[in-house]
Amino acid sequence: MNGGSRLDQNHEVFAKSGRGVPLPPADTPIATTREVGFSNTMLNSAPSNFAAIVTHHYAGEATVTYLFCDFFRCLMTTLILMHAVGSTSVAAEKPNVLFIAIDDLNDWVGCLGGNPQAKTPNIDQLASRGVNFYNAHCASPVCNPSRAALMSGMRSSTTGVYNNSIDWRNQKSGQVNTLNMHFKANGYYVAGAGKIYHESFGRYDDADWDVYYKHRGESGDEGNKGRARGGPPGPAQGESDGVGGIKFAPINANDSDLEDYHIVDYCIEQLQKKHDKPLFLACGIHKPHMPWFVPKKYYDMFPLDSIQLPKVLEDDLSDLPPAGLKMAHPETDHVPMLKSGRWKEAVQGYLAAGAFSDAMVGRLMAAFDKSAYRDNTIIVFWGDHGWHLGEKQHWRKFTLWEEATRAPLFFTVPGTTKAGSVCNRSVDFMSIYPTLCDLCGLSIPSHVEGVSMKPLLVDPKAGWDRPGITTHGYMNHSVRTEKWRYIRYADGGEELYDEVNDPMEWKNLAGKSDLNSIKEQLGKMMPSINVPTPGEKGTIKVPANAEKRKEKKASKTLKGR
Ligand SMILES: [Ca+2]
Ligand SMILES: [Ca+2]
């Protein structure tokens, strides 16, 4: 074992097996589909625009204009009637969408193999309904930019939304139709609950959602049965709440004392209702985001003496460039964790929080299977980014390595996907927006940067020469293919990993001159547009502490309850 002297040699460790498979041949075509549909918005505006153009053309000829006005009244009536009939039949054919987001869930999921001790039977069952994207990566390893990019369809590097303190609503991402808005504008009934956007920057306007679950205490609609934001109280007075900023503790509480329980309840209610329009239902579950304060029964599923630690190479950081070292910053969390001797407890806490979120997914899916939506609904399940629990001597997200970029992504599409499929192609979450449009017959807005993955849903082994791209801070990018990960930081620092032979990313090969052409090829795939961090024109910033401060504050608040 490679635990090294800094780790407790008695701890059992686990290491991941190779996850990558070789790249397809370079000449494999990019099989993508971008069908352009005819949106209801376009239909609604078409007759009046047309009339305005013709009226303008005949300006000065009052009689002709008058005749045309009469003619257009008839034409418009006919078009409106046709539209009404058309949209009814189109609506009837449209699939529903169940859109499930999990916060901070890495690959410690049974069907992703990130930790053999993870217990996630409900999430595994959900994945097995369709295609499990085994090599899927977030657009950014931080809540707000990851979600803003996925939902807006625009990368962090295009919008400048790089961290949790930049309000995506005030940048380019706030000026376009987000995914839920696009579905709403195209005839869907769009309902949501929980964490879909980063909650500091939620947006719940009429143009965004038809209905949205409200936290207790917020001005509510009739569906308001929510708990206070954040859930149950923390550990009892005098009991430990974790190590520094890493918050974990079993609590004496019921599942229903956590807000996620009520978020799922709200979604179940939506599934029990009949909707006149096709349904787009978004369910955002908060756990396993910290604090890992979940009922004790989930901790009991993972006896402490059985816990295996992630495998860590003692001198792993010695081959990192300065920018990589800055992202690892082991002194913040890892050194205190080793000193505390409580690493196993922290791993137990994350597994327990994951098991709790799995139970919530189980409740949702049991209700889904009993609902009228069971056979005509596309299910997409995604985690917003990964999480380190000591790998590369780092904790939390905020890096460009596998532990922080890889996250769950599963698609089930009735009539298209085959149960039990696994796709090894490297993809990123920018493809979720266009894929859903493609599958539901909606146009893909021109601002959307990703491409549809429909060809991979039809055939998970189809040709695909795109990488998964992750951005963390201005000009810091990672490109992940099936064979390689190439990282290039703003200051020019580089890392290159062979994912087939080195899945833990221990050996940085960037200095090997015989791999220069590989680096060059991968570097060309990085985003060419790089918008500076708003308010910091032209400066380089690697945000690492914003969310940590917020988490600290939140856990303090929780403890007080
Ligand atoms: Ca997150
Ligand atoms: Ca290394």
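In helix α7, the buried residues are Glu-259, Asp-260, His-262, Ile-263, Val-264, Asp-265, Tyr-266, Cys-267, Gln-270 and Leu-271. A residue is buried if 20 or more other C-beta atoms, placed from the backbone, lie within 10 Å of its own. Helices are DSSP runs of H or I with at least four residues, and strands are runs of E with at least two, numbered from the N terminus. The model is predicted: local features need pLDDT of at least 70, side-chain atom pairs count only at pLDDT 80 or more, and totals for chains, interfaces and linings use all residues. Residues are numbered from 1 along each chain as its sequence is written, while chains are lettered from A and ligands numbered from 1 in the order in which they are written.

Because ten of its 14 residues are buried, α7 is largely enclosed by the rest of the structure.

| Element | Residues |
|---|---|
| α11 | 343-370 |

The largest nonpolar core has 135 residues, and Cys-283 and Ala-352 have the most contacts inside it. Such a core is a set of buried Ala, Val, Leu, Ile, Met, Phe, Trp, Tyr and Cys residues joined through C-beta atoms within 7 Å. Helix α11 gives the largest share of this core, 15 residues. Beyond its neighbours within four places in sequence, Cys-283 is in contact (C-beta atoms, placed from the backbone, within 7 Å) with residues including Ile-263, Val-264, Cys-267 and Leu-364.

Technical notes: Buried ≥ 20, exposed ≤ 12 C-beta atoms within 10 Å, placed from the backbone. Contact = placed C-beta atoms within 7 Å.
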